[in-house]
Amino acid sequence: MSTQASSISRECVTSYIDGQWQPAGAHLLDVVNPATEQVVARLSEADAAETDRAVQAARRAHQQGVWAGKPAAEKQAIFRQIAQLTEAHLDELAQLESLNSGLPLRYLRSRQLPRIVRNFSFFADWQSQNVEKAGIQDDQYLRYVLREPAGVAALISPWNAPLALASTKIAAALSFGNCCVLKTAETTPLAVARFMEILTQAGVPPGVVNLINGRGAVTGDALVRHPDVRVVSFTGGTATGRAIAAAAAPGLKRVDLELGGKSANIVTATANLDDALDGALTSIYTNNGQQCFAGSRILLHRSIADEFIRRFVARAQAIRVGDPLDPGTEVGPLSNAAHYARVVSFVALAEQEGGRLLCGGKRPANLPTGYYLEPTAVLMPSNDNRVCQEEIFGPFAAFQVFDDFEDAIRIANASEFGLVSYLWSNDLAQVNRATRAIEAGVVLVNTPMVLDLRFPFGGYKNSGVGREGIEGMRHFYTEEKTVTIALKRPPMERLGAA
């Protein structure tokens, strides 16, 4: 670990309001390294009063127009500077993120954190191309749309991709002229805190982006309920999403909820098995299995099931599990002790439900400390089993076998979730049928998860409300105002002019 990252990790992380770190409060929380189970930092929890100060700072910045009033070229330059500074500090940010999340350093460095650079670069480009519609249907009226920032945005990011997802929300909120208050997960604040300094260094004015820290029931609830917050963007679990929606409802706040998943990964008889195997392993075991779009239900056509399972298990058993700071590690520990206990409990549950453990299900013998679990796979008799219905959110795959393609679609749709679905097939008729019939916000054919901000991302059913991607973000973070100008005297009744 770098000296710089080590120094930052020992600090007490506090709120960042109006461009300044705040004094530590009365309630401190431990930040634990999931690889060692050791405390690496302390976190000062923001209470309702401190949350109010953060919201008021964002509100002042919004009312004064310190961000929304900047010319597009200035905002573009700041976004490009954010991208450049992030690139320059990527190793430091990756080490901090790994230290409190357990995510493998090589994955953070090569895949997750470069998204920040791409996102800010994308939004910088977009700001020079964004135009609104105008129209003249006849010679009577000119109509056009003004799009204005919604105001103060509450941004709440999760612990499985703390900085990557927080930065995406920040980039979107700022692109549309908003000021914001960010709350990231209390267990994973280190890289996010460092990123606040990068934003300031890049030229983001004080008060435009503020950071508060703490538990959802304390800090998060105070933020969502604050009367000056106009929109709430949340990524996380479905139960928490429901609570946020309920807390936001009395204020008629707009909410964007990207929630859980239990995605089906369908492998047909016509699939390229080498590609499908790589894709299935990637979709369930990267990010330590802690990803909402994990292909956790792997549905196999009977004709290829035995071969696929044999090859999958051999590869899963060869995955390098270990210290996330080791460049060779492919899967690190789960995020925290409570989550580790929950994921492990599904191993016994799978067996109780008649499933067969194919691999994993226990702590690696060479890792006595840390929240480590071997990459796990089970073969389940029914999609009705809890293991096939509940989001486990770990390195835990559940196989099912199907005979008929319509059966596979039925199984894929038999879930309360509908975020993502994967299909491996070289049959065009099957592809066309599945893309129309599968109830999910994203259908990926012959590829693992890929994201493109030009296109929407979000879920059906209990997987969320709203869509990320440029159009969904534009509608979420702005208010539309229609202006109508008469080009000549309009027809009007002349009441009272006898």
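**Strand β15 and its sheet**

Q: How many bridges join β15 to strand β16 (residues 376-379)?
A: The model is predicted: local features need pLDDT of at least 70, side-chain atom pairs need 80 or more, and totals for chains, interfaces and linings use all residues. Residues are numbered from 1 along each chain as its sequence is written, and side-chain values use heavy atoms, without hydrogens and water. Strands are DSSP runs of E, at least two residues long, numbered from the N terminus. β15 and β16 run antiparallel, and the bridges joining them number three.

Q: Which residue in β17 is the bridge partner of Ala-377?
A: β16 and β17 run parallel, joined by four bridges. In β17, Ala-377 has as its bridge partner Ala-397.

Q: Which are the edge strands?
A: The open sheet has seven strands, in the order β15-β16-β17-β14-β13-β19-β20, with mixed pairing. Two strands pair if DSSP finds at least two bridges between them. Pairing on one side only marks the edge strands, β15 (356-359) and β20 (442-445).

Q: How many of the seven residues of β17 are buried?
A: Buried means under 20% relative accessible area, exposed over 50%, partly exposed in between (1.4 Å probe, protein chains only). β17 is mostly covered, and its buried residues number six.

Q: Which residue in β17 is the bridge partner of Ile-298?
A: Strand β14 (residues 297-301) runs parallel to β17, with five bridges joining them. The bridge partner of Ile-298 in β17 is Phe-399.
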